Amino acid sequence: MIFNRTYRTSAVRAPILLFLAFLASLVLAGSAIAKPLVEDARIGIHPDKTRFVLELSERPQYRIFTIDDPYRLVIDLPELDWPDRKETTPQAAGLVSALRYGLFTPGTSRVVLDLSRPAEVAEILTLPPRDGRQHRLVVDMAEIEPAVFRKRAQRKVHRSDDALRQASLAMPSPPQKPARNRRPTIVVDAGHGGVDPGAIGVSGTREKDLVLTYARALRDKLKGSGRYNVVMTRDDDRFIPLRGRVDIAEKHNGDLFISLHANTNPSSRVKGASVYTLSENASDAEAAALAAKENRSDVIAGVDLSNENPDVSQILISLARRDAMNSSKSFANVTVKELGKRVDLLRNTHRFAGFAVLKSTSVPSVLFEIGYMSHPAEEQQLQSAAHRKRLIDGLFQAIDRHFDVQQAYNRN
């Protein structure tokens, strides 16, 4: 009997010990992949410099450089947990005219400091925890001549001793669409993301968050129908360059590309949804201004565009892509009709301008503005599930009608 008791106790203890070991491994794994936490961020003005301080839970790895046209200082760090708190979002001061931060590429967070005047990195300090403070990254900036800034921009890179992994904007090649799968592929693009927040509404709503909610709702609606393949350019809060979004659509052999955005306007009275298609000649001044703003997304995120070919847009707007442009316009017109039954529309709803994100050589593409976050009532409405459903239902019906026409045309 004594032997029996011992055996049973061991038999019970072994699985318990294994389970506790498993839990311990989970805790250790969690701590290994935990992101450094931003405890505080601040900007200070001194007689001869402007100081930016980032307080972190861990000793920071960094890569710091400047970019010209406009003047910017870029700080790349490991992927951070940066809470949306007032104390971790410092106000512009001194040489810093604006600040933004967010995920740049998987594993890399980016802080972009817009500079009011050309400046260089005068000193970088990494301070250990002390006097109740956590690890600190201190970057001092001092004003320099524009010619000196241009000479050093992007060439002089400051790195920590333990090198940060190089951030790459290269997009992974997605799998090709199976030949037997005849379902149309819809590419849903949630605008902005990561370090680029997009427009900010009157109550602080960020465009990147709002349109991701709509993009996911459209994806679910399309997938639920069983009629379409759906590809998301992003399904989380990350930055994707404009050309990268176009590449995703083309590599997936997309049949339709829909880029979702939310607009703002100096007038708080302007409201309503609108649809834009590509043209180098804008339909009106507002469309031209919107395209210019959207095309600055890469600049806002701290991407160096100095090596871009200025003739690219003219090459893309060619006879080779006329069918895609015509199909884009056709879908836009159907969308206006369907949405007009459900939500408020902007006057002259279908507009066109030179949006970089619409410049696919082969995929029909539209940019859809779901409404104006500068209109207080519409901003609140855009956040409601009922309005989101009405708008997504309208888009879905427009997509159905568009492909019904395409299939009828192909049969004939």
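**Close-up views of the predicted model**

**View 1. Aromatic pairs around tyrosine 228.** Six aromatic pairs are counted in this predicted model, a pair being Phe, Tyr or Trp (six-membered ring) rings with centres within 6.5 Å, stacked under 30 degrees between planes, edge-to-face over 60 and otherwise tilted. The rings of tyrosine 228 and phenylalanine 396 have centres 6.5 Å apart and planes at 85°, so this pair is edge-to-face. Tyrosine 228 belongs to the loop between α3 (207–225) and β11, whereas phenylalanine 396 belongs to helix α10 (residues 385–411), so the pair ties together parts 168 residues apart in sequence. Helices (H or I, at least four residues) and strands (E, at least two) are DSSP runs numbered from the N terminus. Tyrosine 228 and phenylalanine 396 are both buried (under 20% relative accessible area, with exposed over 50% and partly exposed in between; 1.4 Å probe, protein chains only). With phenylalanine 403, tyrosine 228 forms a tilted pair, because the ring centres are 5.8 Å apart and the planes stand at 55°. Phenylalanine 403 also lies in helix α10, so its pair with tyrosine 228, in the loop between α3 and β11, ties together parts 175 residues apart in sequence. Phenylalanine 403 is buried, as is tyrosine 228. Tyr228, Phe396 and Phe403 form one aromatic cluster.

**View 2. Charged ends over aromatic rings.** The charged end of arginine 110 sits over the ring of phenylalanine 104, at 3.6 Å from its centre; the criterion is NZ of Lys or CZ of Arg within 6 Å of the ring centre and within 35 degrees of the ring normal. The charged end of arginine 388 sits over the ring of tyrosine 214, at 5.9 Å from its centre.

View 3. The peptide bond from aspartate 69 to proline 70 is cis, with omega near 0°. Aspartate 69, although not a glycine, has a positive phi of about 55°. The loop between β3 (63–67) and β4 (72–78) holds proline 70 and likewise aspartate 69. Aspartate 69 counts as exposed because its relative accessibility is 68%. Histidine 192, also not a glycine, has a positive phi of about 60° and is found in the loop between β10 and α3. With a relative accessibility of 7%, histidine 192 counts as buried.

View 4. Seven of the 10 residues of helix α4 (residues 242–251) are buried, namely Leu242, Gly244, Arg245, Val246, Ile248, Ala249 and Glu250. Just after α4, asparagine 253 takes a positive phi of about 55°.

View 5. The structure holds four cavities of 30 Å³ or more, each a set of points on a 1 Å grid where a 1.4 Å probe fits but cannot get out, lined by residues with an atom within 4 Å of a point. The largest cavity has a volume of about 100 Å³. Its lining includes Phe65, Glu120, Val148, Arg152 and His158, and β3, β7 (119–127) and α2 (146–152) each supply at least two residues. The second largest cavity, with a volume of about 50 Å³, has His192, Leu242, Arg245, Ser259 and His261 among its lining residues. To this second lining, α4 and β12 each supply at least two residues.

Residues are numbered from 1 along each chain as its sequence is written. Local features need pLDDT of at least 70 and side-chain atom pairs 80 or more, whereas totals for chains, interfaces and linings use all residues, and side-chain values use heavy atoms, without hydrogens and water.

Note on methods. On a 1 Å grid over the protein atoms alone, a cavity is a set of points where a 1.4 Å probe fits but cannot get out, and a pocket is an open set with protein on both sides within 12 Å along at least five of seven lines; lining residues have an atom within 4 Å of a point. Grid points are joined across faces, edges and corners, and a volume is the space filled by probe spheres set on the points.
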